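This report goes through one structure, from the chain as a whole to two of its residues. Please look at the sequence and the model first.

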Amino acid sequence: MEYMKRLLDVIKSVNHEGTYKLALARAILECLKNGEYEEFDEIIAISEYQIAQKTMRYYWNLVGFFGLEQGSSSPLTMLISELSEGFYSRHKITYRVWFDKIETDLKRNPLRFEKEVKKFITLNRGHAIQKFRVKRSEQLDLFQVDRTLKRLLLAKEEANYFKQNYDMIDTLIDYQWAKVIEYFNKSPNIISKVIGSKEVVIKRPNFIKFRNLLLQYDHLEGITDFYTGQHLELDEISLEHVIPFHFIYSVDLWNIVIVSKDTIKEVRGKMPTEQDIVRLEKRNKRLLVALSGTKQKPKLDLQRAVKQN
């Protein structure tokens, strides 16, 4: 159990200097859970290439999608900025995308993809692998580094500690990461964002229930675009968040509106104006009155939103 104690001490030691060690611990944990390693004799080998791809995902989703600062991590910020500038200049879109879209885009040019992965390998070596300890004076003994074949080596017994205690380690990483991020960011739902950043594909609840509620209770005199007031046909409508999803990371009736398919291209991912918020508050009060005699579940969230204004 001494190994587990040292591992947990390293995770708990992460402070405002950056989150590199947390990303490395999470990547090792994910590789072991998914069987992404080689096994020989009594050794488990995880390639730095696999770890780099995972840290790319974590950091893109946290920094590139959610916009959360990670502390004193200028090399990381620079790498994410380079990825962001390259992707958005190629695709000419203004809303933020999850890492799976970045990865797909990079892999269309294998040389470009390999180049970006190598940058994260270098980042991990300089900021995580060599500093994966509680104190600078301590020896690096939670794993060994095979510099020739570019992989991390763990004894099978050590790897089993990760596997057997997956939930506890994963939860501690999430908690510690969220604690660091909260120091640098004023953003809602940070713990949910940290947990969500692990996902390969972003999870969004189905909009259909909100669509039906809005059509039934808020557009009784015809469907209109929330922003323009334009009258719409049923096949012309889309649903969108007024406060962007990347900021709020929650899907609630009070923040969902009906817009045209043209309008959604203009507003997606943009922060609302003061006028938009005033219009949304009026809509929510009107909608709450319409739902007052019903047992619709989203009504409770709507009541809280109207009360908190």
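## Basis of the model

This is a predicted model, in which local features need pLDDT of at least 70, side-chain atom pairs count only at pLDDT 80 or more, and totals for chains, interfaces and linings use all residues. Residues are numbered from 1 along each chain as its sequence is written, and side-chain values use heavy atoms, with hydrogens and water left out.

## The chain as a whole

The chain has 14 helices and six strands; these are DSSP runs numbered from the N terminus, with helices being H or I of at least four residues and strands E of at least two. Its C-alpha trace spans about 70 × 40 × 35 Å along the principal axes.

Of the 309 residues, 49% count as buried (under 20% relative accessible area, with exposed over 50% and partly exposed in between; 1.4 Å probe, protein chains only).

## Two residues with positive phi

Most residues other than glycine have a negative phi. Asp41, in the loop between β1 (38–40) and β2 (43–47), has a positive phi near 50 degrees. Asp41 is exposed, at a relative accessible area of 66%.

Tyr249 also has a positive phi, near 45 degrees. Tyr249 lies in the loop between α11 (245–248) and β6 (256–260) and is buried, with a relative accessible area of 16%.
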